[in-house]
Structure formats: C-alpha cells, structure tokens
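Subject: Structure for your files

Dear colleague,

Please find the structure below. My notes on it come after.

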Amino acid sequence: MQPHPNVQAVQAALDGAGARDSAGAPSLVRLLPEAVHTAAAAAAALGVDVGAIANSLVFEADGEPLLVLTSGAHRVDTAELAARLGVTRLRRATPEFVREHTGQVIGGVAPVGHPRPLRTLVDTALQEYAEIWAAGGVPQAVFPSTYADLLRITAGTPAEVA
C-alpha cells in the first residue's frame, strides 16, 4: 500500500535535507498502528517521555503562519511569545489556515514537507533529549530526529516558548 502523499512529502523533505536520527541513521517516517493526536498518546505509543515529543503547533502571527515546535511537556505562552517576537496578535491557527500553509491536518503537522518553508521556532527544552519524535504528515506518522537536526532541517530558531 502506498503511503499517504503527506507522508511521502515529509520523507522526501527529510531525505533531501539529509535528516538523521540520534544514531546517525537516516530519519525514516514510521507509521503507528493508530493515530496519535496528542503528545501524551504519541509518547505512550513510542515508549518515550512526553517531553521528547516535538508538537508542531501552527499560529497566526499578525496574519502570517508561525510554526512552533514545542516539547510535549510544555504549553506555549502566547502572550510572552508575542511580546518577544514583536507581533501584535498571536493566536492558534484555524484548521483551514493550518492546511492552507502546511498542506497537513492538525494532529499530523510535520516540521517539514510543507508547500513553502514556514518561519519556525524550536523549543529549547527539546535539547534535553537525545532523540526527539515529530509528526510525519498524518496523525499516525512520526519520525525520529535530534534537536540539532530539527533546527537544521527546519531552518528554525531556538526559543523559550513556555
């Protein structure tokens, strides 16, 4: 059975960027038996700490998309983040806005594989983990990475987001 087009796009982006897991092997998208819509569900399915899950949260920052990759153990402090970024309005994006800018649905948004690169912030708390797991384009897909590689493949900016 052919993988979902979003999974193919994420894997192509990972391959194109030379993405690696914590062992130095190529990052491969893995399909889980069931969809994991929360960091807690993903952590349980993978047998890892919830903090090692990189939640991909899309925000609307003064009308522009902002992807925040945050540790599953954190909640984004939108007021503090907006002040730090100098934006007047920072709010969780609607499902339609997310799909328009990522081509993916909430619950499966990957850090890569979007129609166009998104401004991306990567939670500095993720650097505590040797291996990080991120969504792979659909709710049942995930892939392993490292903090350094996640910054590199997304052209992300390290940030305190909680």
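The notes cover the chain as a whole and then its opening helix.

This is a predicted model, in which local features need pLDDT of at least 70 and side-chain atom pairs count only at pLDDT 80 or more, while totals for chains, interfaces and linings use all residues. Residues are numbered from 1 along each chain as its sequence is written, and side-chain values use heavy atoms, with hydrogens and water left out.

The chain has 5 helices and 8 strands (DSSP runs numbered from the N terminus: H or I of at least four residues for helices, E of at least two for strands). Their order along the sequence is α-β-α-β-β-α-β-α-β-β-β-α-β. The radius of gyration (over C-alpha atoms) is 14 Å, close to the 15 Å from the globule rule (2.2 Å times the number of residues to the power 0.38) for 162 residues, so the chain is as compact as a globular protein of that length. Of the 162 residues, 49% are buried (under 20% relative accessible area, with exposed over 50% and partly exposed in between; 1.4 Å probe, protein chains only).

Helix α1 covers residues 5-17. Its buried residues are Asn6, Val7, Val10, Gln11 and Leu14. These cover an arc of only 135° around the axis (from the directions from the helix axis to the C-beta atoms), which puts them on the same side of α1. The face turned away from that buried side carries the exposed residues Pro5 and Gly16. After α1 comes Gly18, with a positive phi near 65°.

Regards

Notes
Expected span 1.5 Å × (residues − 1).
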